[in-house]
Amino acid sequence: MDLFEYMRQQNMKDESPLASRLRPTTLDEVVGQQHIVGKDKLLYRAIKADKLSSIIFYGPPGTGKTTLAKVIANTTSAEFMQINATSAGKKDMEEVVAAAKNNQGMYGKKTILFIDEIHRFNKGQQDYLLPFVEDGTIILIGATTENPYFEVNPALLSRSVIFELKKLSTEDIRTLLLRAVNDTEKGMGSYHAQMDDDALEFLADMANGDARAALTAIELGILTTDRSEDGIIHITLDVASECIQKRVINYDKTGDNHYDTISAFIKSMRGSDPDAAVYYLARMLYAGEDVKFIARRIMILASEDIGNADPQALQVAVAAAQAVERLGMPEARIVLAQAVTYMASAPKSNSAINAIDKAMRVVQETKTPPVPVHLQDAHYKSAGKLGHGKGYKYAHDYKNHYVKQQYLPDGLTGEVFYEPSENGYEQQIRAYYKKIKENPEE
């Protein structure tokens, strides 16, 4: 390394963003992700023992994928190299492989290659790495925000251990923010800033598990806020709101307002008002509500309030839930808006929930009578001797594929549980019942 390169790296270290400067260099400094870096966990033990195999870190932005790679770089005796899949080409990989072979042949030293955004590599680029990962020339560490089971070649996956990183908790973000404000060596402690408690809570919540977003906001706040007469930079709720570009709204995810908003959201879809429904959706998304929670509520409504009036509603809701889990924000907002407006615009029926609730009450409140003999299973050994299945009429042998016979147990004949509404597809269900029952064959 020449003098100019050394000076460039020193300047980058001093002037790099707070999120970069505050990155931990040891496992003990890592905040969050204890499900994979706790002291009794596989990854912790592997890093400490310097016995890593190829791994892939998968998780949302700002959860520590690059951070863990840097920790490994600081603790391993292997040569550590890094490329970014958004800008690297085959030539870059060839240079890495050549250096790795040289390290292995001349010095008996392993080479760890960290590839950020590995999902950006096409199939050919991933295939190029495969033989060198397989023979141990390279120990691969890949980082991706996309599901590796969809975006990384199966052959490469089979040779790697996948670690899924979770969004950091609000408590984790709070810890990082306090470290950023008070750390005089790597943080901004020398600025003598103080955070109000409500500002701290707001930033920790609004970051939505993204450490980088939280640290960028607090850095901006400290650098752009004038000192007060007491010589201290006060980070108030207004400053925090401005820095993270989020308006403070009255929405406590554990308080009454949360339940009031989700209630209004559900009732607006049930009441066929797509404008109100999408408005309450926007309020929840703005406040950082969990998109998976919203998707679950939509799935419930699709059966509870729409049901067979539009059987497609449940399919739309389930597809939306799957898409939301794979995409995450901000794209998930589009999927949720489509599902919400569909639900609000669909014909409504609560016949399904009425049917199951009534049936559950009958089961609970009455003795359980035996299944009628002609409906009992006649296939198992000795069933025929007991008369099971005798007298059963096979519906497809009759007109309209329907034949009148007793299906409910004795004592419950005549009970009606499912009463289709006159909305949507249930109109056709009612018409179908009327048609097949008008002239049933006995």
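**Helices, pocket and domains**

Colleague: Which residues are buried in α6?
Modeller: This is a predicted model, where local features need pLDDT of at least 70, side-chain atom pairs count only at pLDDT 80 or more, and totals for chains, interfaces and linings use all residues. Residues are numbered from 1 along each chain as its sequence is written, and side-chain values use heavy atoms, with hydrogens and water left out. Buried means under 20% relative accessible area, exposed over 50%, and partly exposed in between (1.4 Å probe, protein chains only). In α6 the buried residues are M93, V96, V97, A100 and N103.

Colleague: Within what arc do the buried residues of α6 fall, seen down its axis?
Modeller: The arc is that of the directions from the helix axis to the C-beta atoms. The buried residues line one face of α6, because they fall within an arc of 120 degrees.

Colleague: Which exposed residues sit on the face of α6 turned away from its buried side?
Modeller: Helices (H or I, at least four residues) and strands (E, at least two) are DSSP runs, numbered from the N terminus. The face of α6 turned away from the buried side carries the exposed residues K91, G105 and M106.

Colleague: How far apart are the end C-alpha atoms of α6?
Modeller: The expected span of a helix is 1.5 Å times one less than its number of residues. Helix α6 covers residues 90-107, so its 18 residues should span 26 Å. The model agrees, with the end C-alpha atoms separated by 25 Å.

Colleague: What span should the 13 residues of α20 have?
Modeller: The rule of 1.5 Å a residue applies here too.

Colleague: What arc do the buried residues of α20 cover around the axis?
Modeller: The buried residues of α20 are E426, I429 and I436. They are on the same side of α20, because they cover an arc of only 85 degrees.

Colleague: Which exposed residues does the face of α20 turned away from its buried side carry?
Modeller: An α-helix has 3.6 residues a turn, so residues three or four places apart point the same way. On the face of α20 away from the buried side, the exposed residues are Q428, K434, K435 and E438.

Colleague: How much space lies in the largest pocket?
Modeller: The search uses a 1 Å grid over the protein atoms alone: a cavity is a set of points where a 1.4 Å probe fits but cannot get out, and a pocket is an open set with protein on both sides within 12 Å along at least five of seven lines; lining residues have an atom within 4 Å of a point. Grid points are joined across faces, edges and corners, and a volume is the space filled by probe spheres set on the points. The largest pocket holds about 1,200 Å³.

Colleague: Which lining residues are the closest to the centre of the largest pocket?
Modeller: The lining has 39 residues. The closest to the centre are P60, K167, N208, G328 and M329.

Colleague: Which element gives the largest share of the lining of the largest pocket?
Modeller: Two or more lining residues come from each of α11 (197-206), α15 (274-286), α16 (291-306) and α17 (312-327). The largest share is four residues, and it comes from α17.

Colleague: How many charged residues has the lining of the largest pocket?
Modeller: Ala, Val, Leu, Ile, Met, Phe, Trp, Tyr, Cys and Pro count as nonpolar, Asp, Glu, Lys and Arg as charged, and the others, Gly among them, as polar. The lining has 17 nonpolar residues and eight polar ones. Its charged residues number 14.

Colleague: How far apart do the C-alpha centres of domain 1 and domain 3 lie?
Modeller: The chain is divided into domain 1 (32-162), domain 2 (254-347) and domain 3 (364-435), with bounds from an automatic or database domain assignment. The lining of the largest pocket draws at least three residues from each of domain 1 and domain 2. Between the C-alpha centres of domain 1 and domain 3 the distance is 60 Å.

Colleague: Which residues does a cis peptide bond join?
Modeller: Most residues other than glycine have a negative phi, and most peptide bonds are trans. P330 lies in the loop between α17 and α18 (332-345). With omega about 5 degrees, the cis bond joins M329 and P330.

Colleague: Is Q33 buried or exposed?
Modeller: Q33 is found in the loop between α2 (18-21) and α3 (34-37). Its phi is positive, near 60 degrees, in a residue other than glycine. At 7% relative accessibility, Q33 counts as buried.
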